[in-house]
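Okay, everyone, thanks for coming. Let me put the structure up, and then we'll walk through the ligand site and a pair of helices.

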Amino acid sequence: MNLKQMVGIEASKYVKDGMIVGLGTGSTAYYMIEELGRRVKEEGLQIIGVPTSIASKKQAESLGIPVKTIDEVSHVDLTIDGADEIDPQFCGIKGGGAALLFEKIVATYSKKIIWIVDQSKMVPALGKFPLPIEVIPYGHQQVLQRFDTLGWHPILRKNDNGEVVVTDCGHYIIDLHLEKIDDTHKMANQLDKIVGVVEHGLFLDMVDTVIIGTEEGVKTIHADKN
Ligand code: 5RP
């Protein structure tokens with residue numbers, strides 16, 4: 001069993017009958033959704049999934065997990081998702097899989113958030129992983145220029161065929177190659193004020209529990225959000 005599968009299965013143990021569960025996106029969240037699908041089928045687990053991407057929705061549906069959108073549920077009990085980097089304060093970068101907008105909306109309206117990662121995602125400071133920024137296509141060249149002027153080394157995300165990546169909600173992603181973010185809250189505040197930016201990949205003070213896959217086994221850490 002690989003580390004991503006290990007943490008995916010471990011996180012699914014937090015899911016109980018009757019829960020409304022935010023389903024994250026990415027190669028680690030994939031294993032968590034697979035395990036929930038298994039439990040639905042084999043154990044008769046009764047849940048409603050709130051997927052954070054078209055890919056996760058398709059996967060959940062193929063496994064027989066009933067799904068609803070965030071607007072069709074009264075609340076979300078728990079969201080389980082991957083992350084690209086997590087610092088010692090449990091702040092994270094997300095959006096490597098271009099699903100950060102739905103992921104942040106579902107996480108924001110969740111009572112509890114669990115991130116599942118392998119050890120390599122735990123870093124002393126955020127920023128080595130390029131920070132994804134979701135932008136409106138209209139005016140994105142101006143936003144790129146603004147980022148460049150600010151010294152943030154922006155690159156418009158393209159796929160392997162050289163086509164601009166379009167998110168599930170029709171936006172573009174600009175990745176900021178910052179190397180190190182000294183003040184994550186200041187950076188988030190700056191980004192929040194730039195017109196054309198829909199959302200950014202800094203997920204600050206949100207997560208409750210981080211489940212880390214290591215060669216020695218699974219390590220679970222509960223974040224102190226005070
Ligand atoms: C998608 C995300 C993912 O959670 C993040 O990129 C981690 O993905 P993976 O588990 O494949 O490494 O934020 O937008």
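Before the contacts, a quick definition: a polar contact here is a pair of N or O atoms within 3.5 Å; within protein, one must be able to donate a hydrogen and the other to accept it, and residues adjacent in sequence count only if both atoms are side-chain atoms. Also, keep in mind that this is a predicted model, where local features need pLDDT of at least 70, side-chain atom pairs count only at pLDDT 80 or more, and totals for chains, interfaces and linings use all residues. Numbering runs from 1 along each chain as its sequence is written, and side-chain values use heavy atoms, with hydrogens and water left out.

Gly97 has a polar backbone atom 3.3 Å from one of the ligand's oxygen atoms. On its own the ligand exposes 380 Å², and the protein buries 91% of that (Shrake-Rupley areas, 1.4 Å probe).

Which elements give two or more residues to the shell? Helix H2 (27–43) and helix H4 (100–108); helices are DSSP runs of H or I, at least four residues, numbered from the N terminus. There are 17 residues around the ligand, and Ser27, Thr28, Asp84, Gly95 and Lys121 come nearest (near means a heavy atom within 4 Å).
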